[in-house]
Amino acid sequence: GKQEDGESLKNCLKREINEELGVKIMVGEQLGVFQHAYTHFKVTLHAFESKLVNGDLSLNVHQAVEWANVESLGEFPMGKIDRQISQLLAARGN
């Protein structure tokens with residue numbers, strides 16, 4: 001999501017997840033900052049470790065979404081930034 005004026009990154013993440021998925025999360029440590037350039041724009045993504053606090057993701061997600069262990073993330077197609085984050089998680093043993 002996009003950060004609103006005066007909003008911290010952690011509060012932005014909490015708000016966006018609640019707006020998009022209808023659940024509440026606790027945001028932990030920052031995992032990293034990832035940058036990627038597309039043809040017409042650039043993206044800076046701040047990744048945070050987070051935990052589900054309240055809500056049920058199984059009721060709110062698309063049929064094609066499923067839970068996966070960190071060890072199996074390499075089997076799924078994903079974009080460059082998502083791949084970098086999944087590799088970081090696997091290296092950490094999460």
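User: Which residues are buried in helix 1?
Analyst: In helix 1, the buried residues are C12, R15 and E16. Buried means under 20% relative accessible area, exposed over 50%, and partly exposed in between, with a 1.4 Å probe and protein chains only. Helices are DSSP runs of H or I with at least four residues, strands are runs of E with at least two, and both are numbered from the N terminus.

User: Where do they sit around the axis of helix 1?
Analyst: They cover an arc of only 95° around the axis, so they are on the same side of helix 1. The arc is that of the directions from the helix axis to the C-beta atoms.

User: What is this model, and how are residues numbered?
Analyst: The model is predicted: local features need pLDDT of at least 70, side-chain atom pairs count only at pLDDT 80 or more, and totals for chains, interfaces and linings use all residues. Residues are numbered from 1 along each chain as its sequence is written, and side-chain values use heavy atoms, with hydrogens and water left out.

User: What comes after helix 1?
Analyst: G22 follows helix 1, and its phi is positive, near 70°.

User: And before it, is E7 buried or exposed?
Analyst: E7 is in the segment before helix 1 (9-21). E7 is buried, because its relative accessible area is 16%.

User: What does E7 touch?
Analyst: Not counting residues up to four places away in sequence, E7 touches K2, C12 and R15, where contact means heavy atoms within 4.5 Å. Two of these, C12 and R15, are among the buried residues of helix 1.

User: Changing topic. What is the overall pattern of the chain?
Analyst: Along the sequence the pattern is α-β-β-α, with 2 helices and 2 strands. Of the 94 residues, 21% count as buried.

User: Which residues make up the largest nonpolar core?
Analyst: The core has 8 residues in all: L31, F34, A47, V70, L73, I81, I85 and L89. Strand 1 (24-37) and helix 2 (80-92) are the elements that give two or more residues to this core, and helix 2 gives the most, with 3. A nonpolar core is a set of buried Ala, Val, Leu, Ile, Met, Phe, Trp, Tyr and Cys residues joined through side-chain atoms within 4.5 Å.

User: What is A47 in contact with?
Analyst: Leaving aside neighbours within four places in sequence, A47 is in contact with Q30, L31, G32, F34 and I85.
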